[in-house]
Structure formats: C-alpha cells, structure tokens
Amino acid sequence: MKILLNKTSLTKSLGHFSDIGFVPTMGSIHKGHLSLIGKSNQICHKTVVSIFVNPKQFNNKKDLKTYPKNIKKDLKLLNQTRKVDFVYIPKFNDIFENNKKPKIKLNKKDKILCAKFRDNHFEGVIDVMDRLTNIVKPTKIFMGNKDFQQLFLVKKFLKKKYNTDVVGCKTIRDKNKIALSSRNYLLSKTNLDLASNIVRKLNNVKKNIKNKKNKNKYLLTVKDNFQKQFKIKIEYLELRDINNLKLSNVIKTSRLFVAYYLNGIRLIDNL
Ligand code: AMP
C-alpha cells in the first residue's frame with residue numbers, strides 16, 4: 001500500500017494503470033468504508049482510497065472541528081485489508097489549487113432532504129468529487145447507499161462530465177442495526193442504544209406503512225410521535241422514490257429517508 005501526499009506523486013504512480021477503482025472517504029475508517037474497498041478490489045485492477053475531510057461540504061463550523069480524525073489508525077486498518085494499492089491524503093491546496101471553477105448550483109428540485117437543511121453541503125461534495133475524479137481518473141467510483149442523496153447527486157453530475165461509473169454499495173450496519181458512520185464515534189453508549197431503538201422502530205414503521213393511504217402524511221404523525229417519545233429533533237422522515245427522489249406512495253420503489261440529531265450529532269439513514 002503506497003501513501004501519496006499530493007497529486008504530482010499520485011499522477012506519477014497511477015499513470016500506468018487503466019482500471020482504477022476509487023473509494024473517496026473522509027477517514028475514521030470503519031467497516032462501511034472497508035466494504036466499498038472490498039468491492040473495488042473485486043472489480044478493479046487497482047484500488048485508490050482517498051482520505052480528505054473536505055471543509056467545503058461542512059455548513060457548520062463546529063461539525064467540521066469535531067469531525068473524528070485518526071489517520072494512524074486509518075492507515076493501519078487500510079493496510080490490514082491488503083486490498084488497497086494507494087492511499088491519497090491530500091492537503092486542501094492540492095485539491096483546491098485552482099479555486100476558480102464555476103460554482104456548482106443545485107436545481108430547485110434537488111433542494112430536498114439533506115439539501116434543504118444543509119446549505120451548500122452538496123455543492124461542496126460535488127465540487128470535491130469533480131476535482132478528485134479529475135485527479136484520480138478512476139474507471140469506477142464506489143460510494144455507499146447510506147448517503148443515498150449524495151450518491152444520487154454525484155452520479156448525476158459526474159455522468160455529464162466523465163466516463164466514470166459510480167457504483168452504489170449496500171449499507172453496512174453493526175449488530176444493533178445502526179448504519180456505520182464516522183460520526184458514531186462521537187456517540188455515547190446511551191445514544192447508541194437510542195439510535196438502535198430508532199432504527200428498529202423505523203423498520204416497523206416501514207412495514208406498517210403498507211396499509212396507509214397517504215404514506216407521507218402518516219409519516220408526519222410518526223415524526224411528531226418519535227420526537228416526543230425519544231426527545232430528539234428529526235429534520236425529515238419521508239418516503240421517496242429511489243429513481244428520482246420524489247416523494248412517493250409506492251413502497252416497492254422507495255426508501256424511508258431520515259435525518260435526526262442525537263445530542264447535537266446529526267445522523268442520517270435510509271431503509
Ligand atoms: P465518509 O467517509 O463518511 O464521507 O464516507 C465515505 C464513503 O463511505 C461514502 O461513499 C459513504 O456513503 C460510504 N459509507 C459511509 N458509511 C457507510 C456504511 N455504513 N455502509 C456503506 N458505505 C458507507
């Protein structure tokens with residue numbers, strides 16, 4: 001596993017290879033990231049993992065400051081997999097050297113779910129993914145379904161500009177059903193128990209919703225009840241079509257999307 005600290009050394013090292021799988025991450029590596037790496041290793045000749053906490057996608061300064069970082073442990077975990085050929089750990093200027101690119105703007109119809117609550121978040125994500133794709137020039141990019149809206153928007157944007165496949169990969173959960181996330185490292189045991197309880201209850205909601213006539217109207221009531229019962233703030237709880245992310249009343253082609261805060265930590269999931 002070769003560690004690359006800037007794009008000059010990355011370009012030098014990757015220049016010879018044509019079948020590159022890319023797994024972009026913000027570090028604090030967990031089994032969710034490792035599953036993407038496993039997929040890339042299965043399909044592509046070489047696997048590149050990037051670790052870069054992109055300040056442009058944080059709409060909240062405190063969130064950026066407290067975002068968990070542990071590069072030493074990350075490198076150990078990545079090395080142990082024996083599936084990573086290159087780790088790219090750039091500094092801000094290596095990626096944003098040319099900061100003059102046209103500003104990314106989301107369509108009005110895309111300002112839903114997280115985009116509605118996190119100003120400029122996806123603009124920052126798309127910008128960095130554009131730059132990383134330009135630098136790494138991967139054949140395929142592996143991203144998690146856990147961040148479904150991110151996957152949806154990045155796929156849509158990159159398709160217009162690059163000949164790169166964006167592959168959606170399944171969400172990895174812990175034994176208590178909680179979707180793995182770097183932010184989980186910030187949660188106490190009590191909060192993790194609560195998160196587990198919430199996922200289980202949401203799975204039940206998804207089953208029960210079958211008989212409801214107007215499913216999203218019903219979800220507003222569920223949202224209200226959950227907020228009272230668990231004393232949490234829920235930003236959204238919506239059933240949306242996985243093909244276009246429009247509000248939906250058809251379970252088969254939809255997922256239940258949720259974003260909520262536990263002790264100031266924002267968690268998202270989709271079931
Ligand atoms: P992050 O480091 O949180 O920016 O995530 C990097 C990539 O890992 C993104 O494509 C995420 O969607 C993906 N990812 C994060 N958590 C999980 C998970 N629990 N299962 C599968 N993929 C995940």
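First, the ground rules. This is a predicted model, where local features need pLDDT of at least 70, side-chain atom pairs count only at pLDDT 80 or more, and totals for chains, interfaces and linings use all residues. Residues are numbered from 1 along each chain as its sequence is written, and side-chain values use heavy atoms, with hydrogens and water left out.

**Stop 1: helix α1.** Select residues 7-14, which make up α1 (helices are DSSP runs of H or I, at least four residues; strands are E, at least two; both are numbered from the N terminus). Leu10, Ser13 and Leu14 are its buried residues (buried means under 20% relative accessible area, exposed over 50%, with a 1.4 Å probe and protein chains only). They sit on the same side of α1 because they cover an arc of only 85° around the axis (taken from the directions from the helix axis to the C-beta atoms). On the face turned away, pick out the exposed Thr8, Thr11 and Lys12.

**Stop 2: what α1 packs on.** Now show β1 (2-4), β2 (20-25), β3 (46-51), β4 (86-88) and α7 (121-136): the buried residues of α1 pack against these.

**Stop 3: the cores.** Select Val48, Ile95 and Met129, which touch the most other members of the 40-residue largest nonpolar core (buried Ala, Val, Leu, Ile, Met, Phe, Trp, Tyr and Cys joined through side-chain atoms within 4.5 Å). α7 gives the most to this core, 8 residues.

Methods: Contact means heavy atoms within 4.5 Å.
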